Amino acid sequence: MAGENSLIEDLYQDVILDHSRKPHHFGELADADRAIDAYNPLCGDRIKLFVALSADGMGVEGVSFTGAGCAICNASASMMTDLVWGKTKEEALAAFERFRRVMMTPMSEDLAEADLEALGEAAAITGVRRLPMRVKCATLAWHALREALTNDESVTVTTE
Ligand code: ZN
């Protein structure tokens, strides 16, 4: 049903707009263990992701970001921080893999219901696949997250 589809698209856009206007966990994180600079030259998105790890290094105690990204970049970063805050490192990395897999799925293919459910609000971002130039805006913060969780130091990532 075309009507239903456009309604769903509108809802998704509202979620994206809400997050981009009032990003969650925006600001520096006191006692962050990692600070990752991330840059997407294609659009000009530039953010810094902060991650605080649990004492044993196995959990994401907190995650936040600062910087200047476009609406899609900010919304995706905001949703990502909601999703992985308080999760184990393993769960957070699995969320990254899931998000990357979904974002690389062509528009012509249906996305797995389980993936969309697991992504929660971040599932709204998957509509960005219609705009291939903007996919890197959506994945920037997630790549920064992976770097934060797999590197022992603070580093810089770019999408190029
Ligand atoms: Zn962007």
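## Ground rules

Buried means under 20% relative accessible area, exposed means over 50%, and partly exposed is what falls in between, using a 1.4 Å probe and protein chains only. This is a predicted model, so local features need pLDDT of at least 70 and side-chain atom pairs count only at pLDDT 80 or more, while totals for chains, interfaces and linings use all residues. Residues are numbered from 1 along each chain as its sequence is written, and side-chain values use heavy atoms, with hydrogens and water left out.

Start with Asp 31, which counts as exposed at 65% relative accessibility. Asp 31 sits in the loop between helix 1 and strand 1; helices (H or I, at least four residues) and strands (E, at least two) are DSSP runs, numbered from the N terminus. Its phi is near 55°, a positive value in a residue other than glycine.

His 25 is in the loop between helix 1 and strand 1 (34-40). Phi of His 25 is near 55°, again positive in a residue that isn't glycine. With 31% relative accessibility, His 25 counts as partly exposed.

## The zinc site

What holds the zinc ion? Cys 43 (SG), Asp 45 (OD), Asp 45 (OD), Cys 70 (SG) and Cys 137 (SG) coordinate the zinc ion, at 2.2 to 2.5 Å. Donors here are N, O and S atoms within 2.8 Å of the metal (3.2 Å for Na, K and Ca), and water is not among the atoms, so sites may look incomplete.

Along the sequence, the donor residues follow the spacing C-x1-D-x24-C-x66-C. Distant parts of the chain get linked this way: Asp 45 is in strand 2 (residues 45-53) and Cys 137 in helix 5 (residues 135-150), 92 residues apart. Asp 45 and Cys 137 are both buried.

Asp 18 belongs to helix 1 (residues 2-21). Its relative accessible area is 49%, so Asp 18 is partly exposed.

## Val 60

Val 60 lies in strand 3 (residues 60-68) and counts as buried, at 2% relative accessibility. The C-alpha atoms of Val 60 and Glu 90 are separated by 9.5 Å, with the two residues 30 apart along the chain.
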